[in-house]
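This report describes a protein chain for a reader who is new to structural models. Please keep the sequence and the structure in view while reading.

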Amino acid sequence: MLGYVGVALLSVAVLFVSHDWIVTLGTFSTTKPPVKLMSSHELSLYDGRKGSRGLYLAILGQVFDVHKGHKHYGPGGTYHCMTGKDASLAFVTGDFTEIGLTDDVSSLAPLQMLALYDWLAFYQKHYQPVGLLTGRFYSETGAPTDTLLQTEASLAEGQRIKAQSQAEKLHFPPCNSQWSAAEGGRVWCTNRSGGVDRSWAGVPRKLYSPGSTGVRCVCVKDPSAADEDPNLQKYDGCSQHAKSCLVEP
């Protein structure tokens with residue numbers, strides 16, 4: 001019986017496709033469908049104007065078909081200026097001038113790069129990918145360029161900074177505050193201040209960040225320990241354990 005089943009299986013061409021693996025009669029291949037590569041000139045033919053071939057845009061060198069969002073990206077739409085090109089920088093800066101509609105993102109700080117990749121994730125989720133734009137981010141063969149690797153390094157730094165900021169926010173939640181130019185203001189702590197729910201309220205302190213001239217109000221759980229931290233300072237005229245402090249105008 002087993003022999004018969006084996007012969008029957010060998011007599012039938014069986015093809016299973018799972019992700020990028022192609023399985024044929026026990027033979028494995030990692031061959032992927034060819035990625036469509038487009039030049040900047042080819043992409044410019046997809047700006048949605050009369051006689052164009054479609055409605056595409058690129059972000060960080062990845063090309064998407066945005067036709068289903070025609071009212072936004074088509075002629076007369078708010079974002080029509082971003083079609084037919086890679087205008088990655090404008091996604092962050094909002095500069096829709098000729099100078100701002102560029103794929104040169106070298107001026108972006110790590111947290112801005114993180115915001116740009118959030119936009120990329122948005123298009124990957126909501127629009128059909130078309131292929132890759134050769135030039136700044138991908139070579140003529142579709143390989144990542146040094147520029148793309150640099151943007152990914154900046155992204156990683158942005159993710160690190162964001163994670164550090166979130167961890168600091170949990171440790172030092174922001175204060176509640178109210179302010180008047182004439183009368184000054186007040187800062188105070190509750191167990192929900194700064195949008196961070198917790199079992200303790202804490203006391204207000206001024207937090208100085210090394211290398212920065214800025215200061216912000218945070219809530220600290222242990223006033224005694226906070227007084228030993230040189231980056232944390234009490235508000236003038238406010239007692240050590242006070243949960244609310246007045247701020248001079």
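## Overview and confidence

The model is predicted. The protein chain is built with seven helices and 13 strands. Of its 249 residues, 35% are buried. Among the contacts between residues at least 6 apart in sequence, 52% join residues at least 24 apart.

The mean pLDDT of the protein chain is 86, and 86% of the residues reach 70 or more. Where pLDDT is low, the predicted coordinates should not be read in detail.

In soluble globular proteins, nonpolar side chains tend to be buried together. In this model, the largest nonpolar core has 27 residues, and Ile59, Val66, Leu116 and Tyr123 touch the most other members. At least two residues of this core come from each of β5 (56-59), α4 (88-93), α5 (110-126) and α6 (146-171). The most is given by α5, which supplies six residues.

What does tyrosine 123 contact, leaving aside its neighbours within four places in sequence? Its partners are Leu57, Ile59, Phe64, Val66, Tyr73 and Phe91.

The helices α5 and α6 pack with their axes 7 Å apart, at an angle of about 105°. Because angles of 65 to 115 degrees count as roughly perpendicular, α5 is described as roughly perpendicular to α6.

On the side of α5, the contact is made by Pro110, Leu111, Met113, Leu114 and Tyr117. On the side of α6, the contributors include Leu148, Leu155, Glu157, Ile161 and Lys162. By class, the contact holds eight nonpolar, four polar and three charged residues.

Lysine 162, found in helix α6, touches Leu111 and Leu114 when residues up to four places away in sequence are not counted. With a relative accessible area of 39%, lysine 162 is partly exposed.

## Residues in loops

Leucine 60 is found in the loop between β5 and β6 (62-65). Is leucine 60 buried or exposed? It counts as buried, because its relative accessibility is 2% and the cut-off for buried is under 20%. Most residues other than glycine have a negative phi. Leucine 60, although not a glycine, has a positive phi of about 55°.

Tyrosine 127 lies in the loop between α5 and β7. With 10% relative accessibility, tyrosine 127 counts as buried. Not counting residues up to four places away in sequence, tyrosine 127 touches Phe64, Asp65, Val66, Lys68, Gly69, Tyr73 and Phe122.

Threonine 145 is found in the loop between β7 (128-133) and α6. Threonine 145 also counts as buried, at 16% relative accessibility. Apart from residues up to four places away in sequence, threonine 145 touches Gly135, Arg136, Phe137, Tyr138 and Ser139.

Phenylalanine 96 lies in the loop between α4 and α5. Phenylalanine 96 has a relative accessible area of 34% and is partly exposed. Leaving aside its neighbours within four places in sequence, phenylalanine 96 is in contact with Thr78, Tyr79, Cys81, Met82, Ala90 and Leu101.

## Separation in sequence and in space

| Pair | Separation in sequence | Distance, C-alpha to C-alpha |
|---|---|---|
| Tyrosine 127 and lysine 68 | 59 residues | 8.0 Å |
| Lysine 162 and proline 110 | 52 residues | 9.5 Å |
| Phenylalanine 96 and methionine 82 | 14 residues | 8.0 Å |

Two of these pairs can be linked to the sections above. Lysine 68 is one of the residues that tyrosine 127 touches, and methionine 82 is one of those in contact with phenylalanine 96. Proline 110 and lysine 162 both take part in the contact of α5 with α6.

Conventions. Residues numbered from 1 in each chain as written. Predicted model: local features only at pLDDT ≥ 70, side-chain atom pairs only at ≥ 80, totals over all residues. Heavy atoms only, no water. Core = buried A, V, L, I, M, F, W, Y, C linked by side-chain atoms within 4.5 Å. Buried < 20%, exposed > 50% of the residue type's maximum accessible area, 1.4 Å probe, protein only. Helix = DSSP H or I, 4+ residues; strand = E, 2+ residues; numbered from the N terminus. Contact = heavy atoms within 4.5 Å. pLDDT = per-residue confidence, 0-100. Axes fitted to C-alpha atoms, helices over the stretch in contact; angles between N-to-C directions. Parallel < 35°, antiparallel > 145°, perpendicular 65-115°, else oblique. Nonpolar A, V, L, I, M, F, W, Y, C, P; charged D, E, K, R; others polar.
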